[in-house]
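Colleague: Could you walk me through this model? I am still learning how to read one.

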Amino acid sequence: MLSNARPDLRFALKKLQSAPVSRRRFLIGATATATGLAVGFHSLPSGAAEGGTPAQSATPSPFASYIELSEEGVVTVLSSQFEMGQGSYHGLATLVVEELDCGWQAVSVVGASGNTQLYGNLMWGGVAQGTGGSTSIATSWTRYRTAAATMKAMLVAAAAEAWGVPADEIEAAEGRLVHTASGRAAGYGDFARPAAALPVPQEVTLKAPGAWSQIGNPEVKRYDRRAKTDGTQDFTLDVRLPGMLTAVMIHPPKFGATLKSFDASGAREMPGVVEVVEVSRGIAVVAEDTWSAIDASHAVTAEWDESAAEQRGSAEILAQYRELARQAPQALAREEGDALGTLAGAERVIEAEFEFPFLAHAALEPMNAVARMNEGGSLEVWGGHQIPDLYRFLASQIAEISPEQVRLHVLKTGGGFGRRAVGDGDVVVEAVEVAKALGWRAPVKVQWTRENDMRGGRYRPAYVHRLRAALGPDGKPLAWDNHIVGQSIVAGTPFAGLIRDGVDATSVEGASTLPYAIPNLRVGLTTTDVKVPVLWWRAVGSTHTAYATEVFIDELAEAAGADPVQYRLDLLADHPRHAAVLRLAAEKAGWGQALPEGRFHGVAVHESFASFVAQVAEVSMEGGQVRVHKVVCAVDCGIAVNPDTIKAQMEGGIGFGLGAILQEELTLTEGAVDQANYDSYRPLRLSQMPEVEVHIVESDASPTGVGEPGLPPIGPAVANAVAKASGRRIRVLPFEKGLNA
Amino acid sequence: MATFTLNGVETTLDADPNMPLLWALREKAGLTGTKFGCGLAQCGACTVHLDGVPVRSCQTFVGDVEGAEVVTVEGAEGPVAEAVRAAWVALDVPQCGYCQSGQILAAVALLSETPKPSDADIDGALDGNLCRCATYHRIRAAIHDAASRLEA
């Protein structure tokens with residue numbers, strides 16, 4: 001996913017903007033809707049009269065709000081953030097319920113889109129609506145609380161006026177307004193319309209932390225949990241429109257191959273098949289139903305021009321990376337002191353090379369999107385739109401209409417992990433192109449099969465890390481040199497602005513930000529040219545940098561004869577939040593105390609996306625296989641908005657990361673992907689899931705993300721335990737391969 | 001064409017006998033709670049009960065269910081299903097939720113056969129149901145919780 005705290009993104013995405021975003025002033029606004037009251041923020045371009053312009057006169061938008069309240073009292077949160085399971089919708093709803101005091105009974109959340117000024121991600125400089133870098137709560141923290149507090153103030157003001165009582169005597173709770181002295185009471189919905197006619201307060205006071213009843217409450221359960229147990233939760237897979245056709249794609253067998261010709265004569269004769277069309281990304285088999293499309297796709301034969309395609313296998317690619325890792329890096333991401341000189345003159349030098357495979361996101365819901373051209377020339381696109389503004393722009397270009405004529409319906413998705421934030425909008429583009437190829441005569445759903453999804457590219461890039469360290473007489477590192485070799489995720493995409501001075505920040509994050517106090521330090525990068533499409537994969541650069549750095553620091557501690565926790569703490573004097581989570585995890589896990597026979601502890605600590613996580617894994621070796629029994633996790637993510645969601649994300653990050661280090665590997669032979677389904681690409685199974693215990697550090701710092709930061713420490717924590725259990729440092733991933741390497 | 005009992009109601013579906021039951025349920029019967037994940041009986045997202053036994057509907061065909069009793073997540077009822085749902089909700093198991101129809105039907109089948117399952121029983125019964133969000137930790141706890149609810 002996109003990383004946070006990257007103002008560079010504003011340059012990368014600027015071309016999507018129709019108006020400059022800098023120096024923009026935000027005013028809160030409210031409008032009467034067909035059914036009640038909507039509260040959002042209207043923005044004024046820079047230069048508008050300070051305070052003199054009524055909010056209502058700002059540019060109107062048909063979807064311009066954060067919260068809507070109907071006359072029936074139904075509260076709808078319009079989420080700028082995409083829900084892929086991580087709980088963003090629930091987090092935003094929590095912020096709203098807190099400040100609106102509406103209770104949970106009447107709350108729902110829908111995906112919003114179509115207004116960058118309202119929904120642009122503030123952690124990306126507000127330049128585009130999008131979800132990534134574990135920023136959902138951070139970008140929403142002030143916006144949604146302020147919108148909710150404003151709505152409540154207007155409802156109270158409307159009731160005060162109607163009842164002829166002072167506003168400060170009215171209490172608002174659980175969606176009801178009560179004036180005890182006069183015995184008057186009403187539901188919020190009763191005042192939705194009158195409130196919309198009132199002036200909008202431009203200053204509201206948010207609750208002090210001591211007054212919070214929802215934020216930080218571990219008993220608050222996800223608002224959508226029931227729909228996810230009775231089959232009523234809909235995903236893009238479940239979109240059904242009148243007259244809708246379903247298309248299944250045939251993609252090139254190798255990355256970079258192009259279609260020469262195809263024969264669909266047999267497929268066209270099959271029952272249910274409507275048409276077989278060529279689009280920019282391959283062949284689409286269009287049918288009346290999904291199964292007919294899948295079935296007929298096997299009857300299409302195609303010839304591909306592979307002259308420009310990637311022809312190497314993953315083993316050859318990684319062998320080349322190993323060679324490059326021993327040469328000088330192309331660019332430096334960080335340089336302090338003289339690492340090379342110190343290494344050259346050092347008595348004790350420790351070296352290690354790490355190898356990381358390509359990884360697939362392999363979310364349970366295969367990629368899909370639905371496009372429909374309406375009479376009148378407006379286009380609607382349903383899907384798991386992680387970067388709505390980008391996809392709206394891409395869809396409008398294919399349809400040859402303006403972005404304003406495109407409406408995106410942002411649906412919850414069956415797992416994302418970064419896969420649905422794609423610079424070229426892959427499946428969204430396919431849906432619009434197929435609908436266009438059919439002359440816009442019917443709505444079209446493009447539904448990838450598992451095989452399409454597994455072989456469709458967009459993998460976590462393969463990387464090689466070469467690390468060298470010089471130890472001083474006291475065992476502490478005097479020098480550290482880390483050379484990272486691999487593909488850039490952002491090169492050639494709308495996010496290429498993240499590359500500065502030849503360094504893609506997503507390749508080195510977590511390594512260039514090494515927190516340990518080492519006087520001579522160099523982190524270098526060599527970016528490779530490989531035609532395998534790559535993408536952010538839950539925790540992005542930290543998926544490999546945390547592993548390489550935290551296994552290596554453990555190795556240095558071992559060489560120094562030091563305790564791995566104390567060794568780290570001694571180097572973390574300037575990083576108190578790292579040190580605090582490390583101490584907490586170690587204490588809760590009983591670090592240093594006796595474990596059952598054959599069990600071993602390993603530890604790791606890592607910061608990603610401005611959150612700090614330490615984990616202690618308890619591991620044994622059983623029949624040559626690694627068994628992880630328990631993981632104790634400590635997390636500091638600032639203010640904990642939803643403690644139970646934070647725990648769930650730590651648990652999920654640990655499970656997702658554990659599958660990757662134990663057994664996930666996407667390989668290529670002569671350029672073609674070897675895996676096609678979950679039989680050969682194997683995420684973690686239930687029987688492999690350890691017990692997980694999560695401890696949240698109390699904090700009054702601004703909230704940061706949890707969707708990704710739970711993942712990076714699990715690999716090195718387990719590897720460091722395996723080193724104790726087996727005497728072997730696993731430097732080739734996954735473990736299934738590394739244990740035999 | 002097949003005639004069978006679907007969620008307690010005798011139903012005739014006008015579908016090719018070679019069509020996977022998954023797609024017939026979703027697109028002929030309009031029951032979309034059953035999800036497509038792999039098409040190869042590898043992920044369990046499409047789990048339904050066929051005569052009380054959990055099966056992968058992507059590898060079960062319309063022609064196989066003639067005269068049989070099929071239950072999907074929409075029709076899972078009774079004390080065991082209620083206990084499972086109550087436990088899932090109490091422990092806030094779902095994240096994205098996509099695999100949970102299959103997880104719940106697998107859990108209901110397990111608890112119907114084995115009212116007090118061990119961790120090993122749970123591993124054996126649900127290892128075929130992938131959860132990419134890795135809610136496994138809570139699934140295991142929720143099955144134990146549902147077992148306690150049924151005992152009470």
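Colleague: How many residues of chain A are in contact with chain B, and how many of chain B?
Modeller: This is a predicted model, in which local features need pLDDT of at least 70 and side-chain atom pairs count only at pLDDT 80 or more, while totals for chains, interfaces and linings use all residues. Residues are numbered from 1 along each chain as its sequence is written, and chains are lettered from A and ligands numbered from 1 in the order in which they are written. Here 44 residues of chain A are in contact with 42 residues of chain B, where contact means that the C-beta atoms, placed from the backbone, lie within 7 Å.

Colleague: Which element gives the most to the side of chain A that touches chain B?
Modeller: That is α17(A), with six residues; helices (H or I, at least four residues) and strands (E, at least two) are DSSP runs, numbered from the N terminus.

Colleague: OK, now chain B: what domains does the assignment give?
Modeller: Domain 1 of chain B covers 2-75 and domain 2 covers 79-151, with bounds that come from an automatic or database domain assignment. Their centres, taken over C-alpha atoms, are 21 Å apart, and the contact between them takes 13 residues from domain 1 of chain B and eleven residues from domain 2 of chain B.

Colleague: Which strand supplies the largest share on the domain 1 side?
Modeller: On the side of domain 1 of chain B that touches domain 2 of chain B, the largest share, three residues, comes from β3(B).

Key
Two residues are in contact if their C-beta atoms, placed from the backbone, lie within 7 Å.
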